[in-house]
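I have opened a new structure and am keeping notes as I go. Each entry records what I looked up.

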Amino acid sequence: MAGETLWEILIKVMEALDSEYIYRFRPYSPSTCKEIMYNEMYFYSKDEINDPFDLSIELVISKGNNKVLRYFIEGAFRGSRVYNEHQLQKEDSILAIEASKYLMSDDQPLKKLIDDNSKDFFFSLFDKHKIQGVDFTYFWKNFSNILQNLHPNNLHGVSFTKNYKNMLLWSLYANKHEGFCEIFKPSKNTLKLKKWNKKGYKDFEFLPVEYNADKKLDISLMFDSKGDLDTQKLFSEYLPNMRRKAYLIKSNEWGREEELRLFEDLSINFSSMEQKKDNSGFYNQLYYFHEEQLAGVILGANMHPKNKAEILEILQTKSHPQKVFQAIPNGNEVVVVLDRIFSNGLGSLDLGPADINMETKVPCS
């Protein structure tokens, strides 16, 4: 660094941040301090995110796919035919053919197929075809459960960004610039995590969020041309598309976040039994990251000096070198500057505040 000015050094630091790292904004609190101290990473659920349309998907059966809908109607009949050893009866098939032919004249969202209008329609068909040996309420419960269980269960993920300068991100996710931003250095586009009750680390891949309005997924993708469930297509086409739609599609309005996500595997059920949708539970969502992949933090522009001191104290206990940066407002973005570098508590390199417009310095023991 001999012969270089402070600002030339800072420019190199910022360029390195842009190219090598990803970022996670956090509000300051005892729990987020605990995360840094113990290398914790908490996977959020749908109920814990600020966009109610995120982590969602709209399942549909596309127009004309009568055999696909018929497959699920007949499945509900089989589940209801307890006293016929779950064998389909002739009148069941006739009803399924008529219902699917009528309903599949247009694209059908699954939620529409089990609304009150559809329920009344199926009830009228039960009466028309004089269905015997099956209680309609029991059939309808089975049919509704089958379609509802096709939706992905227990969606959990963690969000990162490639953009540490965005003022909106600092305001939304770092409590109006009073929080901080964790800096992670991925290894081959992955982060090493282990679940709280597991021993070994697993590589979780970062995938970029796509910003568009298309949340629809046609469940016909998992059926062949004869209308039979195709397990090969289920795993090669349907589930990968479901993962993408559920986890990685977000409204255009969020595009400036430049978001990356890692997430758990999703699951669906082919069952007429009512399934418990457990989207919460602290220990079900708690992971630990490998400490060497945390490169340091960026301190918010409005962060209290005492809170800065606490974060710095925690980082100095780490066995791997950590870097501390300071965010400073610059119009509608922030300038991130190098404030201290320390390694394993062996000391610090003070670049000094004289050439940097900072109101407070991060204390260093």
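Entry: I sorted the lining of the largest pocket by class and found nine nonpolar, four polar and 10 charged residues. The model is predicted, so I note that at the start. I then looked up the volume of the largest pocket, which is about 550 Å³. The lining has 23 residues, and those closest to the pocket centre are Phe 25, Arg 26, Tyr 44, Ser 159 and Tyr 173. Next I asked which elements give two or more residues to the lining. They are strand 1 (22-26), strand 5 (157-161), helix 8 (167-173) and strand 13 (259-263). Strand 5 gives the most, with five residues.

**Entry: strand 13.** I followed strand 13, as it is one of the elements in the pocket lining. Is strand 13 mostly covered or mostly open? It is mostly covered, with five of its five residues buried. I checked which way the side chains point. Glu 259, Arg 261 and Phe 263 point one way from the strand. Leu 260 and Leu 262 point the other way, and all of these residues are buried. In a regular strand, side chains alternate between the two faces of the sheet.

I then looked for the partners of strand 13. Strand 5 pairs with strand 13 in the antiparallel sense over five bridges. Within that pairing, Gly 157 has Phe 263 as its bridge partner in strand 13. Strand 9 (residues 207-208) also pairs with strand 13, antiparallel, over two bridges. Here Pro 208 stands opposite Leu 260.

Entry: I traced an open sheet of four strands in the order 2-14-7-8, with antiparallel pairing. From one strand to the next, the twist averages 45°.

I went through the pairs in order. Strand 2 and strand 14 (residues 286-289) pair over three bridges. Glu 40 stands opposite Tyr 288 in strand 14. Strand 14 also pairs with strand 7, again over three bridges. Leu 193 has Phe 289 in strand 14 as its bridge partner. Strand 7 (residues 190-195) pairs with strand 8 over four bridges. The bridge partner of Lys 192 in strand 8 is Asp 203.

**Entry: the nonpolar core.** I turned to the largest nonpolar core, which has 49 residues. Which of its members touch the most others? They are Phe 72, Ile 73, Phe 122, Phe 139, Phe 143, Ile 219 and Tyr 238. Helix 9 supplies the largest share, seven residues. In soluble globular proteins, nonpolar side chains tend to be buried together.

**Entry: Phe 121.** Is Phe 121 buried or exposed? Its relative accessible area is 18%, and buried means under 20%, so Phe 121 counts as buried. I also looked up a separation along the chain: Phe 121 and Leu 103 are 18 residues apart, and their C-alpha atoms are separated by 9.8 Å.

Notes. Residues are numbered from 1 along each chain as its sequence is written. This is a predicted model: local features need pLDDT of at least 70, side-chain atom pairs count only at pLDDT 80 or more; totals for chains, interfaces and linings use all residues. Side-chain values use heavy atoms; hydrogens and water are left out. On a 1 Å grid over the protein atoms alone, a cavity is a set of points where a 1.4 Å probe fits but cannot get out, and a pocket is an open set with protein on both sides within 12 Å along at least five of seven lines; lining residues have an atom within 4 Å of a point. Grid points are joined across faces, edges and corners, and a volume is the space filled by probe spheres set on the points. Ala, Val, Leu, Ile, Met, Phe, Trp, Tyr, Cys and Pro count as nonpolar, Asp, Glu, Lys and Arg as charged, and the others, Gly among them, as polar. Two strands pair if DSSP finds at least two bridges between them. Axes are lines fitted to C-alpha atoms, for helices over the stretch in contact, and angles run from 0 to 180 degrees between N-to-C directions. A nonpolar core is a set of buried Ala, Val, Leu, Ile, Met, Phe, Trp, Tyr and Cys residues joined through side-chain atoms within 4.5 Å. Buried means under 20% relative accessible area, exposed over 50%, partly exposed in between (1.4 Å probe, protein chains only).
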